[in-house]
Amino acid sequence: MSTLPSENGPEDVNSRSFWMPGNYQPTVKRTEDAFQACNDIVTCFQERARVERQYAQQLSEWSNKWKPLVDSSPLYGSLLKAWQCFLSSADRLASLHSSICRSLVSEDGDRVRTWQKDTFHKKIFGGFKESQDFETGFARAQKPWGKRLKKLDKARRAYHKVSRKEQAAREREAHAQGNPDVAIEKQRKMQEERELAQQEAEKVRARYEKVLEEVSRYAPRYMEEMESIFDQSQEEERKRISFLKQAFLSIHRHLDVTNNESVKEVYNELHNTLMAINDQEDLRWWRNTHGPGMPTDWPHFQEWTPEKKSKKGKKVVEQKGTKERNVMIGGVKVRALYDYVGQETDELSFKAGEELLKIEDEDDQGWCRGMKEDGREGLYPANYVEVV
């Protein structure tokens, strides 16, 4: 994230430096921030899981609402199948999004919680052991450095104080030398004050330089100790970043339906069903089911035959197909063009594409006798099949 250039001076920048006493606190606090970030991540994707669950429920409700209406709609054939496929696809997608919900909660959420528990060790009186370890390490490294900085600051302020005193003495002496109203004795006294101030400034400067040399000599050791603790903190943070990266990738894998084979299968099947809409087949089905292609018992001359008298207590049962049929030796193999469900016990039922054997020719009412592969025989509409 970009920031505006700082308008603060060098001293303010230096006061915020990591090397200054106490400025390691953001690094220590990073542990507690990471723990809270884990809580936020779990809560965030639990809400996303609820979104997935609600979407799955809405898909199921939508599909259940429209199924009876679609099934009873005036559409038929491949067009009806296409409409129904939208609903069945919604059911499958609802199941998929329900599984996404379960994965986000039980897999990804639990994974982050388990890692959080194993990584962050809470103390009895608050805080984390990891934070305390870093705090102790940084504080121990900075303690001697802090003492030296205080000593250096004291020496610096003393030097600046005598320097101001010397400067004032120089200015008084210079002003007196150019003023004829100042007596010679007073001028000599001002000169002595300036010399004493100069000597004192040189002594204080020497002490200041000596303390600064001690601080500079100790700086490498201080930097080494601080960087050692900092590197340990960085290593812990690296592990956190690596883990959360894998956690995010897992969440992405569960949410990325574009690469889910089940989703591809759903939409491929839906697309194939839509492409299978065939106006000619649908129109042929309608012609044979509700149009001129339906089997019809056309009017014909029917000879009168006297009723046979049955014996007392027995009922004469009229059987379909009493007329003489031409039995075919061996039979002819045929294939069903449409689905047919037998309406009587002596009728066959079959699905479109199923093959059977025609064993008797079509009668004058449009019926044939056939035999299925399992050996069952029965009647079926002649115009529902074609010869293979």
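How many salt bridges does a search of the whole structure find? Here are some notes to read alongside the model.

1. The search finds 29 salt bridges, a salt bridge being a side-chain nitrogen of Lys or Arg within 4 Å of a carboxyl oxygen of Asp or Glu. Please keep in mind that this is a predicted model, where local features need pLDDT of at least 70, side-chain atom pairs count only at pLDDT 80 or more, and totals for chains, interfaces and linings use all residues. Residues are numbered from 1 along each chain as its sequence is written, and side-chain values use heavy atoms, with hydrogens and water left out.

2. A salt bridge to look at joins the side chains of Glu269 and Arg92, at 2.8 Å from N to O. Glu269 belongs to helix H6 and Arg92 to helix H3, so this pair ties together parts that are 177 residues apart in sequence. Helices here are DSSP runs (H or I, at least four residues), numbered from the N terminus.

3. The axes of H3 (residues 77-119) and H6 (residues 261-275) come within 9 Å and cross at roughly 175°. That makes H3 roughly antiparallel to H6 (angles over 145 degrees count as such). Axes are lines fitted to C-alpha atoms over the stretch in contact, and angles run from 0 to 180 degrees between N-to-C directions.

4. H2 and helix H4 (residues 129-177) pack at about 170°, with their axes 8 Å apart. H2 is therefore roughly antiparallel to H4. The H2 side of the contact includes Gln25 and Val28, and the H4 side includes Phe134 and Phe138.

5. Ile277 sits in the loop between H6 and helix H7 (279-290).

Technical notes
Helix = DSSP H or I, 4+ residues; strand = E, 2+ residues; numbered from the N terminus. Parallel < 35°, antiparallel > 145°, perpendicular 65-115°, else oblique. Contact = heavy atoms within 4.5 Å.
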